[in-house]
Amino acid sequence: MSSQQAVSLGSLEADLGISRVELLLIIRELGIEPIRRGMRTLVRQEETGLIYDHLGRDNPKAPLVAEVVTVDSNSSHHELVTTETNTEQPFQDDVRKYSKLRLLREKIELLHLLKTTKIELSSHEICSLLEVKRLPQTVQLSSGQLGFRRMGLEFERIHRAGQRTAWLIKKPTNH
């Protein structure tokens, strides 16, 4: 096998300023096959351009070219002079709403993926995903197992060897 240059997902996350989940969703959407070496996940160097293009960004390694322009507020080019007003506040509110909606959409997609692939998560991972400090009290689910209901899904408790608890996400069954 010939040696190929590869970039770790950690360095891509830092360069792009996005989370691991977002990066993995983008990689899956673009059909990029990541390289796994032990505990590390890498992407081929030539495929990183696809990720940058998908996000509408240039490669951050490219040099930045800027021109400094000074504007005199008394000049006739008054349209270049900006004054601070509160017109940015509605824009920032819209950005916050959009980002919250995007995070909710990503969380829903991740829950759907976990439900369909039947991947088991630890209690800590479930708390992080649901953004709670403690898991809710367990009750008898429609499947007869112990667990809890949240966001229209059932989180079934599975006991593993070594006093470990795992959770499986399922769609509620109606009897």
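Hi everyone, let me start with a definition: two strands count as paired if DSSP finds at least two bridges between them. Helices (H or I, at least four residues) and strands (E, at least two) are DSSP runs, numbered from the N terminus.

A word on where this comes from. This is a predicted model, where local features need pLDDT of at least 70, side-chain atom pairs count only at pLDDT 80 or more, and totals for chains, interfaces and linings use all residues. Residues are numbered from 1 along each chain as its sequence is written, and side-chain values use heavy atoms, with hydrogens and water left out.

Now, the overall picture. The protein chain has five helices and eight strands. Reading from the N terminus, the order is β-α-α-β-β-α-α-β-α-β-β-β-β. Of the 175 residues in the protein chain, 26% are buried; buried means under 20% relative accessible area, exposed over 50%, and partly exposed in between, with a 1.4 Å probe and protein chains only. As for contacts (heavy atoms within 4.5 Å), take those in the protein chain between residues at least 6 apart in sequence: 42% of them join residues at least 24 apart.

Let's go to the sheet. Three strands form an open sheet in the order β1-β3-β2, and the pairing is antiparallel. At the edges sit β1 (6-8) and β2 (35-37), each pairing on one side only. From one strand to the next, the twist averages 40 degrees. For angles, axes are lines fitted to C-alpha atoms, for helices over the stretch in contact, and values run from 0 to 180 degrees between N-to-C directions.

What joins β1 to β3? Three bridges do, with β3 covering residues 40-44. In this pair, V7 stands opposite V43 in β3. Helix α1 (residues 9-16) packs on the sheet, where it touches β1 and β3, and its direction makes about 70 degrees with that of β1.

Next stop, helix α4, residues 88-117, where we find K107. Is K107 buried or exposed? It is buried, because its relative accessible area is 17%. Leaving out residues up to four places away in sequence, K107 touches L129, E131 and M151.

L110 also has its place in helix α4. With a relative accessible area of 24%, L110 is partly exposed. Its contacts, again not counting residues up to four places away in sequence, are V21 and L129. Finally, L110 and L25 are 85 residues apart along the chain, and their C-alpha atoms are separated by 9.0 Å.

Thanks, everyone!
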